[in-house]
Amino acid sequence: MFSALHIPGFALQSRLRLDPAGLTPAAILVEDVTKNSLVLEANTAARNQKIIPGLSSTQAIARDPSVRIFARCLATEIRTAQSLQHLCLSISPTTEETRRGLYISDLRGVEKLQPKALARHILKETESLGLASQTVFAPTADLAEFGAQSSTSRILIIDNPQAFLESCPTTAASPNPELLEVLNLWGIQTLGAFTQIPIEAISERFGESGRELWERAMGRKRRLLLVQPESPHFHESLDLEYPLSTLEPLLFIIRRFVDDLCRQLQQAHLLAASMHLSLGLEDHPKWENTIQLPEAICWADTLFAVLEKSLEDIQMPGAIIRISLKIDPIEPSAQQRQIFETSIKNPWRFADTIDRLAAIVGEDNIGTPTRLDTHRPDSIKLSPLKHTLEDWILEEPQPEPYGPPLKRCRPPQSIHVSLYLDRPSYLKTRKLQGRIIDTRGPFEASGDWWDAQFWKQTEWDIQLENKQVYRISQSAKGWFLEGRYG
Amino acid sequence: MARKSPPAYIELHASSAFSFLRGACKPEDLARQAAKLEIPAFALCDRDGFYGSPRAHHSAQELGLKAHVGTELVLSDQSVVPILAETQEGYRNLCKLLTISKLRSPKGEAHIDWEELAEHKKGLIALTGDLEGPLLRKWPHAGTQGIEAGFKQLHRIFGSQHLYVEIQRHRIRDEDIPNKLLVELATSFDLPLLATNGVRYATPPGRRVCDVFTCLRHHTHLDAAGRLLQANHERHLKTAAEMRALFADLPKAIEETLHLSERLEFSLKDLGYAFPTYPTEPGDNMDALLRREVYAGARRRYQTISPKIRKQLDYELGLIQRLGFSGYFLIVWDIVRFCENEHIMVQGRGSAANSAVCYCLGITACDPISGKLLFERFLSEGRKAWPDIDLDLPSGDRRERVIQEIYRRYGHTGAAMTANVIKYRGRSAIREIGKVLNFPEEAISRFSALSPRGDYPHTLELENQLEQSGIRADHPRAPALKKLYEQIYGLPRHLGQHSGGMVICQGRLDSIVPLENASMPGRSVVQWDKDDCEQLGIIKVDLLGLGMMAAIQDAITLASERKRPIDLAKIPKDDPATYDLMCAADTIGVFQIESRAQMATLPRMKPRHFYDLVVEVAIIRPGPIVGQLAHPYLERRAGKEPITYIDQRLVPVLERTLGIPLFQEQVLKMAMVMANFSGSQAERLRKALSFHRSEVLMNRVKTELETALAANGIEPEIRERVVAAISSFALYGFPESHAISFAMLAYSSAYLKVHYSEEFYTGLLNNQPMGFYSAATLVQDAKRRGLRFEAPCVKNASWLATIPGEKRIRLGLKILKNVGKSSILHMLEIRDEQPFSSIFDFCRRTRFNPSELRVLASAGALNALAGDRRSALWAVESSSIQANDLFNNPNTELIETNTPLQPMSWQERVQTDFATTGVTVGAHPMRQIRNSLPRHMRRATDLEQCSNDSFVAIAGAVICRQRPGTARGVVFISLEDETGVANIIVYPKMFEERRLTIVSEPFLKIYGIVQKAEGTIHIKARRIEPMLAPELPAGASHDFH
């Protein structure tokens, strides 16, 4: 007995998993939303509006103005496929990914499992993944595949192969496109009709591929499943029998995960680049945390210490019912440095120090100042601190500064300025006041005019009677002292 | 214009949007703003060309300003040098230089070597440029040394006399240091310092457009563009006071702009263009030659030359001679002679048809003397510009032969096509702005999807259209999107090629205007469009391709081959059957009168004479419709409204159009009769009527007309009516001569449809795509006229459709989709040598690939060899055939004829017909599903039995959707079924509700109210649904003209 797990409209369903509102309204998948591309897949709601693959997206909108259009996303397809493969492997180790969205498992050896019960289990699991699936049970792998491709029922058990093949559409056997085109032109719509044609004639016209299709269409062919070894996922998870409400048992399980994962990493000759810890909570949304490691490593003690620290002072709103830890691996060579590049002495200690500082000053107030790509004066942001020395070197050489340095007031001080003939003539602040004897400017800058954050700033360099030179600015908020030269 | 103070500043470095994706305003905007700011002159320096110079020149001229001519040249090291044309020689050098670089570069690029610039430097003045210039672009990396190196390069070429150190101040903090170095450089080399503002937009808001264009150029969006964007909005035109304040420390830099402006003696009025002379024998001259040829032609046309004819010819020839146009007429005559010698049908259209000289030279086909056409519409005493002669030619290869002949005669630097300026329109503007504002692609695509075949500004406001696309009015960026849309709409986007306008020149055209490669191989294009050329006095000859000319010529050839030759010049002009066809609006395929609006008017018009057809052609035009003249004319014609005249003096002018002025000629004549307009005044009126761009000109002539009418003692009320009648032609005037030319083709095609229907439809099918309807609709129309069609067949079909017998047409193999022409032509060659004995013989001797063989078999083209389509499909898949190995397997034929496949059903055949050829020679697809439709669903022919105002349902294939600009948003749908065509009217509200269904579904079900009036039947749509049935093929309609 073989089973087939099929996700109809796999690419669209994969895409919709990312979209919370995806399952209910009409949705279609196109190759590229920028063009009037053709519909590749349509969900049930869309099909109910007569939107079918092959229509243009314009026609799709015509048939349902509220239809949502999604572009294909390969990354989500790969992730979904991995989850499905994992599910099938949990049922039978002999599982073939016939193609994305179709998985055939050899159930020999696990006959004690009742097909219907197994099907219900699979349906439940796929539903939890946010996918609608079909499950087919058949005596051969090909029949299971044909059943998955042709049936619309969620569970199908093929116990009369001959009758099934008679009416099974040719598309179910996934012939190559050219062969399918010819069969359509011939008016051959079912595998039954196809097998009415003598195999010699088919063989002569289509060679080995035609012959193979003919034999598969007869339901006689017994093929071996192409089983790929499971690629390590560096992912451990556990559904707890009893909810956890204290830290110790949680750390115990995490330690076990870390040990196992580090062993896997070592076997694969990889290092951990980041860790993702997810805790399922009773009656509450799950708690998640991604930790970017300062340096890729594979030491279980250190990784565990980092995780332990990340859980310090965290109050979970509910008891923990599921624990999941995923490690993103990285090749050791990716971390190899050039001959003159050095890492800081102890990145772990450095990271620890930074974390402690962040706890005091706030995460937003620590980092490396980086100039923003804007004409807005004094626009900087704090970028995360790097742990290697070469990252601290400025990305591009800056032009040599001219004139005296400017000591900036941060934040700029509000001031009063009097004008004479549209130029500043008198300045007054809490600490400073005086007649302006010379000016340079104005220097105008404005930007973000397309947004509500539109800004405009006029700057002047001024000299007071005390011979000191200052930079002042005017914006919608008034006049400000930006700094003093020299 | 009056100035308050002496000129104090001239902007000598400005760009317009013709510096594509750099400048952010039209040249006209620059001129208007310059006038507003009292700047007496400016130099337009667009990137790599003079694209906007004519517009700047004319706008400036109208406003009393001067537009200097310049360009920004991109050198091979990417530095950009602004160059000004000091003299005509300098301008010509620039044109040649640009042509050299453009013709060797890909479209949109031109890189000039420094040495080439040195070779062409005479008469030119160079500026050192802005941040992209050879000096400052090196500043950030190489500092002072970089500036000096760039300077030396320029100084070596232009020396001290023709080089200006350009200095710009945009109130940016970092610009002071390099500017200081520029000042020092100018001082140490004793060079003039020239202040400019490097203008990119006329007014400060243009900065936004400039930023958008910057993003588009760098393929990024505003959020990511950072310092690529403008730092502020200072690069606009500034007043002299502003510039003087900005350069208060360098007053000489401002003064220098005045000196340099005075030095620039060249302007586009000194272009020096000359139309080629026509070569004559020694001792002969062009005037004498023209006279001889005209009289020779007159004898052929009229047999006997009456005094009236002689008087007209002498008058025209005298005027042509006085105006110096004899060479032009001879050259056009020569082109026409070439066409005749090459058996290419040719017909002059437009105002040339008003000229007896053109008629006698064979350029036009209608006799203006018997037609009482107004010669002044074509040529008058006061005329300075060249007369306009357009030649209609059969589209396709035949027209291309004529174009290539002109290139051959005048050389590739002596002739070129005129450009067509492609502008930002609704969808293109929103797509570009949307991208730059970082709107989701889905919203932008949805906006485009709402107007899949063009913009519909009539009924859907931009806000609503944006809302329907998912961009709500309260979206934070919606105001910016809307504002930018208003700013960008109508700006030039890129340059295309005009469909038929060619300019030729005595000597080198590339010294008059830069030439570029057109996208079509073997063609070059000038940087100006036809209006620019016309305004600059560059004569163009329009070689327009008409599909109908090709179809008619083919039909005549076919008739001749079938031993029933036809001479269009001799067909009866009052054939009752032809007029019956028009009265019944049975005009699918007929030139000019096949549109929905024309077909709706024909039963009201009831044409019985040729002039009725002339009116019919002219009346369904924006001018008469907008001017509300069409309806009164039809009412008067039907006797429902009395025929009255604005003034009794206008009776001779307007009596043939029942008192309603329909033609430009009548408008001119009205002005001549009522206001005593002279030839030159009439000429100005003509220009105002036909030149769409100038409201100023129109208003000026209107004032002149009003004054003249008053002076002539015309009462105010009549004056008002005369002026109103003339004004309604301002935008859409249609000349009578043009209508006559079109009516001749319309009559000829209608006559052919009635009396030579096989030839007519064959001609149409062989020249697809053309006209309003697809081949499938033409086939159905022909079948309703009793013609039978044969599918394309490899045994007896040709490349083109042919006529195998009475009332029969055999489709040509050309109609097969995805079958190579070369394979078919090769097959035809070897078939001529020896017919095919079997399908195996066919496959053995031809070069079709398996996919092509499948198309041939599916379309039934192999039925004559294989029996039926499935047998053919079975046979062509045989490995022996595919391997061309039939000699080794002599029994294959016997084996393969026993196909196990079922023959195709009727439905399958129709589906396959549409898939492989786009037409079916069988029954209409609607017949297939008729039985499955509800009984209340009517057929097109059933509508005649329906009473007026009854509610009906109808279904069919959409063969045409139209939304005329004059219909205020009403959409007309033609719905075809197995019995004919039903006409549907969709009002704007309904259209907006079902917009996408209407524009994208090939088959529709429509419920609505029957409206019958004066022989026409329409259905006013109340409900529209897509008709979805698997049996129906994908349709092909011809939409939105």
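This is a predicted model: local features need pLDDT of at least 70, side-chain atom pairs count only at pLDDT 80 or more; totals for chains, interfaces and linings use all residues.
User: How do you know what span to expect for α5(A)?

Analyst: Count the residues. Helix α5, residues 115–128 of chain A, has 14 of them. The expected span is 1.5 Å times one less than that number.

User: Which residues of α5(A) are called buried, and what makes them so?

Analyst: They are L118(A), A119(A), I122(A) and T126(A). The label needs 20 or more other C-beta atoms within 10 Å of a residue's own, so each of these four meets that cut-off.

User: Why are they said to sit on the same side of α5(A)?

Analyst: Because they cover an arc of only 100 degrees around the axis, they end up on the same side of α5(A). That buried set packs against β1 (2–6), β7 (134–138) and β8 (155–157) of chain A. On the other side of the helix you'll find exposed residues, including K116(A), K124(A) and E127(A).

User: Over to chain B. Why is N849(B) called exposed?

Analyst: Exposed means 12 or fewer C-beta neighbours. N849(B) has 11 inside 10 Å, so it counts as exposed. You'll spot N849(B) in the loop between α36 (839–845) and α37 (850–858) of chain B. Its C-alpha is separated by 53 Å from that of E486(B), which is 363 residues apart from it along the chain.

User: What makes α33(B) roughly antiparallel to α34(B)?

Analyst: Look at the crossing angle. The axes of α33 (757–766) and α34 (775–784) of chain B come within 10 Å and cross at roughly 170 degrees. Angles over 145 count as roughly antiparallel, so that is the label for α33(B) and α34(B).

User: Which residues meet there, and of what class are they?

Analyst: From α33(B) come S757(B), Y761(B), L764(B) and L765(B), and they meet A775(B), L778(B) and A782(B) of α34(B). By class, this contact has six nonpolar residues, one polar and no charged ones.

User: How many residues of chains A and B are in contact?

Analyst: 36 residues of chain A are in contact with 42 of chain B. Among the elements giving two or more residues to chain A's side are α3 (57–63) and α10 (199–217). That side divides into 16 nonpolar, twelve polar and eight charged residues.

Notes:
Residues are numbered from 1 along each chain as its sequence is written. Chains are lettered from A and ligands numbered from 1 in the order in which they are written. Axes are lines fitted to C-alpha atoms, for helices over the stretch in contact, and angles run from 0 to 180 degrees between N-to-C directions. Angles under 35 degrees count as roughly parallel, over 145 as roughly antiparallel, 65 to 115 as roughly perpendicular and the rest as oblique. Two residues are in contact if their C-beta atoms, placed from the backbone, lie within 7 Å. Ala, Val, Leu, Ile, Met, Phe, Trp, Tyr, Cys and Pro count as nonpolar, Asp, Glu, Lys and Arg as charged, and the others, Gly among them, as polar. The arc is that of the directions from the helix axis to the C-beta atoms.
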